[in-house]
Amino acid sequence: MAKTKVLIVEDEEAIATLLDYNLTREEFDVRIAVDGEDALMKLQEFHPDIAIIDWMLPKISGIEVCRRVRQNPDTKNLPIIMLTARSEEADRIRGLETGADDYMTKPFSTAELIARVKAVLRRIRPALVEDVVAYGDLRIDRTAHRVWRGDKEIHLGPTEFRLIDHLIQHPGRVFSREQLLNAVWGSDVFVEVRTVDVHVGRLRKALVKFGHEDPIRTVRAAGYSLDLS
Ligand code: CA
């Protein structure tokens, strides 16, 4: 299973390092951004699954980063935990209104933050933390690498399994071929974009084998999405 990607946006090096160490130990793939500008850049490059964003940041504030994340269609559903040194209730409410899913007031315990990260992911992106994920009549067991539609088991090759595993984490979201290449094959592997079409074709064929509805939507000039509507 691919590691869950966490972006830490924190200018205080001691805190960033501590979080990096502890989240890495918990099997997360961690990247650090040191200010608001760096955060916006790394959001585009790293495509995190969750972001931990400090309120007070150089250049662009944490609140503003949060606002921009919510405005961008690519990142608008990104789970965000805000870190704040302010404990006033008004600030907490403002933080949540800006679009944070949870917040923690400094100083906090690392164990509690990790628990919150997992809780937010479980609530917003269950596919990232659960072994068995279901969407419509589609169900996948990520530990056993098994896939079912209704009560019929679907047999998939490893690449097709990684494809469906990625798509089921974001039902309804359209992925370009390049994004699927990066997510499924990795950005350091040279694979032709057309290869994605071949494997999506194989996946689709397997998923409709027992006469079920085709769950993969082809979006012309854009890419593919998993969509059982
Ligand atoms: Ca700070």
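Author: **Around Leu226**

Leaving out residues up to four places away in sequence, Leu226 touches Tyr135, Leu138, Ile164, Leu167, Ile168, Pro171, Gly172, Arg173, Pro215 and Ile216, where contact means heavy atoms within 4.5 Å. Before we go on, please keep in mind that this is a predicted model, in which local features need pLDDT of at least 70 and side-chain atom pairs count only at pLDDT 80 or more, while totals for chains, interfaces and linings use all residues. Residues are numbered from 1 along each chain as its sequence is written, and side-chain values use heavy atoms, with hydrogens and water left out.

Together with Val147 and Leu207, Leu226 has the most contacts inside the largest nonpolar core, a group of 27 residues. Such a core is a set of buried Ala, Val, Leu, Ile, Met, Phe, Trp, Tyr and Cys residues joined through side-chain atoms within 4.5 Å. Buried means under 20% relative accessible area, exposed over 50%, and partly exposed in between (1.4 Å probe, protein chains only).

Which elements build this core? Two or more residues each come from the strands β6 (132–135), β7 (138–141) and β11 (223–226), and from the helices α7, α8 (177–185) and α9. These are DSSP runs numbered from the N terminus: helices are H or I with at least four residues, strands E with at least two. The biggest contribution, five residues, is that of α9.

Eight of the ten residues in α7 are buried, leaving the helix mostly covered. Those eight are Thr159, Glu160, Phe161, Leu163, Ile164, Asp165, His166 and Leu167. The partners against which the buried residues of α7 pack are β7, β8 (146–149), α8, α9 and β11.

How do α7 and α9 meet? The axis of α7 (residues 158–167) comes within 9 Å of the axis of α9 (residues 193–207), and the two cross at roughly 80 degrees. Axes are lines fitted to C-alpha atoms, for helices over the stretch in contact, with angles from 0 to 180 degrees between N-to-C directions. The two helices are therefore roughly perpendicular to each other; that label covers 65 to 115 degrees, while under 35 is roughly parallel, over 145 roughly antiparallel and the rest oblique. On the α7 side you'll find Thr159, Glu160, Leu163, Ile164 and Leu167, facing His199, Val200, Arg202, Leu203 and Leu207 of α9. This contact is made of six nonpolar, two polar and two charged residues. Nonpolar means Ala, Val, Leu, Ile, Met, Phe, Trp, Tyr, Cys and Pro; charged means Asp, Glu, Lys and Arg; the others, Gly among them, are polar.

His170 sits in the loop between α7 and α8 and is buried, with a relative accessible area of 12%. Apart from neighbours within four places in sequence, His170 is in contact with Arg125 and Phe175. Ala221, in the loop between β10 (216–219) and β11, is exposed at 88% relative accessibility. Its phi is near 65 degrees, a positive value in a residue other than glycine.
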